[in-house]
Amino acid sequence: MVRIFRKSRERQLNSRKVPRYLAYAGGEIILIVIGILIALQISNANQERQERAREKEHMVALLIDLENDIASVDHVVDGNRKQLDTLDLLLSQIAAGPVEQEARRRLYINSVKSTYWYLQAEFSEGTISQLKFAGGLLLIRFPDVSAAILRYEQGLRECDNMNEEQRVYFHEVERNQKKLLDLSLAKKAFEFIEQDYLNMLLPLDRFEAYVEEGPYFIDDDPRLLQAYYGDVLFYRTSLNNLNAFYLRQKEMADDLIALIRDRYALR
(Lines give C-alpha, C1' and ligand atoms only; values in the text may rest on other atoms or scores of the structure.)
Protein backbone atom coordinates (compact mmCIF):
# COMPACT_ATOMS: atom_id res chain seq x y z
CA MET A 1 0.00 0.00 0.00
CA VAL A 2 2.83 2.39 0.86
CA ARG A 3 4.63 1.43 -2.34
CA ILE A 4 1.54 2.18 -4.42
CA PHE A 5 1.18 5.57 -2.71
CA ARG A 6 4.75 6.48 -3.45
CA LYS A 7 4.40 5.62 -7.12
CA SER A 8 1.27 7.72 -7.33
CA ARG A 9 3.06 10.57 -5.60
CA GLU A 10 5.98 10.32 -8.01
CA ARG A 11 3.59 10.39 -10.96
CA GLN A 12 1.96 13.54 -9.57
CA LEU A 13 5.33 15.22 -9.08
CA ASN A 14 6.49 14.23 -12.57
CA SER A 15 3.25 15.50 -14.08
CA ARG A 16 3.88 18.85 -12.39
CA LYS A 17 7.50 19.01 -13.64
CA VAL A 18 6.57 18.60 -17.31
CA PRO A 19 4.74 21.96 -17.62
CA ARG A 20 7.56 23.61 -15.72
CA TYR A 21 10.11 22.18 -18.11
CA LEU A 22 7.99 23.20 -21.08
CA ALA A 23 7.54 26.69 -19.67
CA TYR A 24 11.27 26.94 -19.04
CA ALA A 25 12.11 25.66 -22.54
CA GLY A 26 9.55 28.00 -24.05
CA GLY A 27 11.05 30.92 -22.16
CA GLU A 28 14.49 30.00 -23.41
CA ILE A 29 13.21 29.88 -26.99
CA ILE A 30 11.50 33.23 -26.60
CA LEU A 31 14.70 34.76 -25.21
CA ILE A 32 16.68 33.31 -28.13
CA VAL A 33 14.15 34.67 -30.66
CA ILE A 34 14.21 38.07 -28.98
CA GLY A 35 18.00 38.01 -29.04
CA ILE A 36 18.01 37.16 -32.75
CA LEU A 37 15.51 39.90 -33.51
CA ILE A 38 17.55 42.45 -31.57
CA ALA A 39 20.72 41.32 -33.37
CA LEU A 40 18.98 41.62 -36.72
CA GLN A 41 17.68 45.05 -35.81
CA ILE A 42 21.16 46.17 -34.81
CA SER A 43 22.60 44.68 -38.01
CA ASN A 44 19.94 46.40 -40.14
CA ALA A 45 20.54 49.68 -38.33
CA ASN A 46 24.28 49.38 -38.96
CA GLN A 47 23.68 48.55 -42.62
CA GLU A 48 21.30 51.50 -42.92
CA ARG A 49 23.91 53.83 -41.42
CA GLN A 50 26.55 52.50 -43.82
CA GLU A 51 24.24 52.96 -46.81
CA ARG A 52 23.34 56.49 -45.75
CA ALA A 53 27.04 57.28 -45.34
CA ARG A 54 27.76 55.91 -48.84
CA GLU A 55 24.81 57.84 -50.24
CA LYS A 56 26.11 61.08 -48.75
CA GLU A 57 29.63 60.39 -50.07
CA HIS A 58 28.20 59.95 -53.57
CA MET A 59 26.25 63.18 -53.28
CA VAL A 60 29.28 65.15 -52.08
CA ALA A 61 31.35 63.74 -54.97
CA LEU A 62 28.55 64.55 -57.42
CA LEU A 63 28.42 68.15 -56.21
CA ILE A 64 32.14 68.50 -56.95
CA ASP A 65 31.63 67.01 -60.44
CA LEU A 66 28.74 69.37 -61.16
CA GLU A 67 30.73 72.42 -60.05
CA ASN A 68 33.55 71.34 -62.39
CA ASP A 69 31.05 70.85 -65.23
CA ILE A 70 29.71 74.37 -64.75
CA ALA A 71 33.23 75.84 -64.82
CA SER A 72 34.02 73.87 -67.99
CA VAL A 73 30.83 75.05 -69.72
CA ASP A 74 31.47 78.68 -68.80
CA HIS A 75 34.99 78.52 -70.24
CA VAL A 76 33.96 76.70 -73.43
CA VAL A 77 30.86 78.78 -74.17
CA ASP A 78 32.82 81.99 -73.74
CA GLY A 79 35.50 80.78 -76.15
CA ASN A 80 33.01 79.52 -78.72
CA ARG A 81 31.16 82.84 -78.63
CA LYS A 82 34.39 84.51 -79.71
CA GLN A 83 34.70 81.96 -82.48
CA LEU A 84 31.11 82.65 -83.53
CA ASP A 85 31.86 86.37 -83.80
CA THR A 86 34.86 85.58 -85.97
CA LEU A 87 32.79 83.22 -88.12
CA ASP A 88 30.20 85.97 -88.63
CA LEU A 89 32.97 88.21 -89.91
CA LEU A 90 34.28 85.44 -92.14
CA LEU A 91 30.83 84.89 -93.67
CA SER A 92 30.52 88.58 -94.47
CA GLN A 93 34.00 88.54 -96.04
CA ILE A 94 33.15 85.53 -98.21
CA ALA A 95 29.80 87.05 -99.22
CA ALA A 96 31.60 90.25 -100.31
CA GLY A 97 33.57 88.19 -102.81
CA PRO A 98 37.07 89.61 -102.13
CA VAL A 99 39.02 90.70 -105.20
CA GLU A 100 41.78 92.91 -103.82
CA GLN A 101 44.84 91.23 -102.36
CA GLU A 102 44.42 92.81 -98.94
CA ALA A 103 40.81 91.62 -98.74
CA ARG A 104 41.95 88.11 -99.70
CA ARG A 105 44.58 88.19 -97.00
CA ARG A 106 42.08 89.22 -94.32
CA LEU A 107 39.69 86.48 -95.39
CA TYR A 108 42.54 83.97 -95.46
CA ILE A 109 43.78 84.82 -91.93
CA ASN A 110 40.25 84.81 -90.56
CA SER A 111 39.59 81.42 -92.12
CA VAL A 112 42.77 79.94 -90.66
CA LYS A 113 42.05 81.40 -87.24
CA SER A 114 38.33 80.73 -86.91
CA THR A 115 37.93 77.31 -88.47
CA TYR A 116 41.00 75.66 -87.01
CA TRP A 117 38.93 74.02 -84.27
CA TYR A 118 36.29 74.73 -81.66
CA LEU A 119 36.09 74.26 -77.89
CA GLN A 120 34.44 71.22 -76.32
CA ALA A 121 33.28 70.95 -72.72
CA GLU A 122 34.75 68.16 -70.61
CA PHE A 123 32.16 66.74 -68.23
CA SER A 124 33.00 64.83 -65.04
CA GLU A 125 31.06 61.59 -65.40
CA GLY A 126 32.83 59.41 -62.83
CA THR A 127 30.30 59.72 -60.02
CA ILE A 128 27.28 59.38 -62.30
CA SER A 129 28.80 56.22 -63.83
CA GLN A 130 29.24 54.75 -60.34
CA LEU A 131 25.68 55.63 -59.41
CA LYS A 132 24.24 54.23 -62.62
CA PHE A 133 26.29 51.07 -63.15
CA ALA A 134 27.38 50.06 -59.61
CA GLY A 135 23.94 50.09 -58.01
CA GLY A 136 24.45 53.50 -56.46
CA LEU A 137 21.06 54.77 -57.59
CA LEU A 138 19.44 52.19 -55.31
CA LEU A 139 21.00 53.97 -52.33
CA ILE A 140 19.26 57.26 -53.10
CA ARG A 141 16.25 57.79 -50.84
CA PHE A 142 14.75 60.68 -52.77
CA PRO A 143 13.01 59.84 -56.09
CA ASP A 144 13.30 63.43 -57.32
CA VAL A 145 17.09 63.30 -56.87
CA SER A 146 17.34 60.00 -58.78
CA ALA A 147 15.18 61.39 -61.59
CA ALA A 148 17.23 64.60 -61.80
CA ILE A 149 20.48 62.61 -62.01
CA LEU A 150 19.11 60.48 -64.85
CA ARG A 151 17.93 63.61 -66.70
CA TYR A 152 21.37 65.14 -66.29
CA GLU A 153 23.02 61.98 -67.61
CA GLN A 154 20.67 62.02 -70.62
CA GLY A 155 21.67 65.63 -71.23
CA LEU A 156 25.31 64.56 -71.33
CA ARG A 157 24.50 62.03 -74.06
CA GLU A 158 22.71 64.74 -76.05
CA CYS A 159 25.78 66.98 -75.74
CA ASP A 160 27.87 64.07 -77.05
CA ASN A 161 25.56 63.79 -80.05
CA MET A 162 25.85 67.52 -80.74
CA ASN A 163 29.63 67.23 -80.53
CA GLU A 164 29.54 64.50 -83.17
CA GLU A 165 27.34 66.66 -85.40
CA GLN A 166 29.69 69.60 -84.95
CA ARG A 167 32.65 67.42 -85.85
CA VAL A 168 30.95 66.44 -89.13
CA TYR A 169 30.43 70.09 -90.12
CA PHE A 170 33.98 70.93 -89.08
CA HIS A 171 35.42 68.30 -91.41
CA GLU A 172 33.24 69.57 -94.26
CA VAL A 173 34.61 73.08 -93.74
CA GLU A 174 38.13 71.66 -93.55
CA ARG A 175 37.66 69.72 -96.80
CA ASN A 176 36.48 72.73 -98.82
CA GLN A 177 38.98 75.03 -97.14
CA LYS A 178 41.78 72.86 -98.51
CA LYS A 179 40.26 73.08 -101.99
CA LEU A 180 40.00 76.87 -101.84
CA LEU A 181 42.99 78.12 -99.83
CA ASP A 182 46.72 77.55 -100.02
CA LEU A 183 47.21 76.49 -96.39
CA SER A 184 50.98 76.13 -96.78
CA LEU A 185 51.16 79.90 -96.20
CA ALA A 186 49.69 79.41 -92.69
CA LYS A 187 52.13 76.82 -91.37
CA LYS A 188 53.47 79.18 -88.67
CA ALA A 189 49.93 80.19 -87.72
CA PHE A 190 48.96 76.56 -87.17
CA GLU A 191 52.10 76.03 -85.09
CA PHE A 192 51.18 79.11 -83.04
CA ILE A 193 47.72 77.69 -82.33
CA GLU A 194 49.10 74.25 -81.49
CA GLN A 195 51.36 75.79 -78.84
CA ASP A 196 48.17 76.71 -76.98
CA TYR A 197 44.77 76.02 -78.55
CA LEU A 198 43.39 79.16 -76.85
CA ASN A 199 45.60 81.22 -79.16
CA MET A 200 42.89 80.75 -81.79
CA LEU A 201 40.75 83.15 -79.73
CA LEU A 202 43.27 85.98 -79.96
CA PRO A 203 42.53 89.08 -82.07
CA LEU A 204 43.02 88.83 -85.82
CA ASP A 205 46.04 91.12 -85.92
CA ARG A 206 48.02 88.71 -83.75
CA PHE A 207 48.12 86.34 -86.72
CA GLU A 208 49.53 88.81 -89.22
CA ALA A 209 53.11 87.83 -88.48
CA TYR A 210 52.34 84.12 -88.77
CA VAL A 211 50.90 84.17 -92.31
CA GLU A 212 53.17 84.47 -95.34
CA GLU A 213 52.41 86.57 -98.38
CA GLY A 214 51.09 84.71 -101.39
CA PRO A 215 48.14 84.19 -103.71
CA TYR A 216 46.10 82.73 -100.79
CA PHE A 217 43.51 81.19 -103.12
CA ILE A 218 44.35 77.99 -105.01
CA ASP A 219 41.51 78.55 -107.44
CA ASP A 220 39.37 81.65 -108.14
CA ASP A 221 36.39 79.55 -109.19
CA PRO A 222 33.40 81.34 -107.53
CA ARG A 223 31.68 78.00 -107.06
CA LEU A 224 34.38 76.97 -104.59
CA LEU A 225 33.86 80.17 -102.63
CA GLN A 226 30.11 79.63 -102.68
CA ALA A 227 30.47 76.05 -101.43
CA TYR A 228 32.84 77.24 -98.72
CA TYR A 229 30.31 79.87 -97.62
CA GLY A 230 27.62 77.21 -97.23
CA ASP A 231 29.90 74.97 -95.18
CA VAL A 232 30.99 77.80 -92.89
CA LEU A 233 27.35 78.81 -92.42
CA PHE A 234 26.31 75.30 -91.36
CA TYR A 235 29.42 75.04 -89.18
CA ARG A 236 28.55 78.32 -87.48
CA THR A 237 24.92 77.26 -86.92
CA SER A 238 25.99 73.92 -85.48
CA LEU A 239 28.48 75.60 -83.14
CA ASN A 240 25.76 77.94 -81.94
CA ASN A 241 23.49 74.94 -81.29
CA LEU A 242 26.28 73.19 -79.39
CA ASN A 243 26.66 76.22 -77.15
CA ALA A 244 22.90 76.15 -76.51
CA PHE A 245 23.08 72.51 -75.42
CA TYR A 246 26.01 73.33 -73.13
CA LEU A 247 24.07 76.17 -71.53
CA ARG A 248 21.05 73.92 -71.00
CA GLN A 249 23.33 71.37 -69.34
CA LYS A 250 24.65 74.10 -67.08
CA GLU A 251 21.10 74.98 -66.03
CA MET A 252 20.44 71.33 -65.18
CA ALA A 253 23.67 71.25 -63.17
CA ASP A 254 22.59 74.34 -61.21
CA ASP A 255 19.18 72.80 -60.51
CA LEU A 256 20.66 69.46 -59.47
CA ILE A 257 23.15 71.14 -57.12
CA ALA A 258 20.33 73.07 -55.44
CA LEU A 259 18.21 69.91 -55.11
CA ILE A 260 21.03 67.82 -53.59
CA ARG A 261 21.97 70.55 -51.14
CA ASP A 262 18.37 70.89 -50.06
CA ARG A 263 17.63 67.16 -49.67
CA TYR A 264 20.90 66.30 -47.92
CA ALA A 265 21.38 69.57 -46.00
CA LEU A 266 24.73 70.15 -47.71
CA ARG A 267 26.18 73.61 -48.03
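Is E172 buried, exposed or partly exposed? Select E172 to begin, and you will find a residue that is partly exposed, with a relative accessible area of 31%; on this scale buried means under 20% relative accessible area, exposed means over 50%, and partly exposed lies in between, computed with a 1.4 Å probe on protein chains only.

Before going on, note that this is a predicted model, in which local features need pLDDT of at least 70 and side-chain atom pairs count only at pLDDT 80 or more, while totals for chains, interfaces and linings use all residues. Residues are numbered from 1 along each chain as its sequence is written, and side-chain values use heavy atoms, with hydrogens and water left out.

**Salt bridges**

R175 is partly exposed, with a relative accessible area of 38%.

E153 is buried, with a relative accessible area of 11%, whereas R157 counts as partly exposed at 27%.

Now move to D74 and K250, another salt bridge, where the closest N and O atoms are 2.7 Å apart. D74 lies in helix 1 (residues 2-95) and K250 in helix 6, so the pair ties together parts that are 176 residues apart in sequence. D74 is partly exposed at 35% relative accessible area, and K250 is partly exposed at 23%. By the rule given above, the count comes to 20 salt bridges.

**Aromatic rings**

Select Y169 and F234, whose rings have their centres 6.0 Å apart and their planes at 15 degrees, so the pair is stacked. Rings of Phe, Tyr and Trp (its six-membered ring) pair if their centres lie within 6.5 Å, and planes under 30 degrees apart count as stacked, over 60 as edge-to-face and the rest as tilted. Y169 lies in helix 4 (residues 143-180) and F234 in helix 6 (residues 222-264), so this pair ties together parts that are 65 residues apart in sequence. Y169 itself is partly exposed, with a relative accessible area of 27%.

Then select W117, Y118, F170 and Y235, which ring pairs link into a cluster; the count of aromatic pairs comes to twelve. A ring of another kind of interest is that of F217, over which the charged end of R104 sits, 4.8 Å from the ring centre; the rule asks for NZ of Lys or CZ of Arg within 6 Å of the ring centre and within 35 degrees of the ring normal.

Select helix 3 (residues 126-133) next, where T127, I128 and L131 are buried. Seen down the axis of helix 3, its buried residues fall within an arc of 95 degrees, so they line one face of the helix; the arc is that of the directions from the helix axis to the C-beta atoms. T127 has a relative accessible area of 8%, and it touches H58, A61, L62 and D65, not counting residues up to four places away in sequence, where contact means heavy atoms within 4.5 Å.

**Positive phi angles**

Most residues other than glycine have a negative phi, and most peptide bonds are trans. Which non-glycine residue has a positive phi of about 70 degrees? Select Y216, which has this angle and is found in the loop between helix 5 (187-195) and helix 6; Y216 is buried, with a relative accessible area of 0%. Finish at A265, which is not a glycine either and has a positive phi of about 55 degrees. A265 lies in the segment after helix 6 and is exposed, with a relative accessible area of 63%.

Methods. Helix = DSSP H or I, 4+ residues; strand = E, 2+ residues; numbered from the N terminus. Salt bridge = Lys/Arg side-chain N within 4 Å of Asp/Glu carboxyl O.
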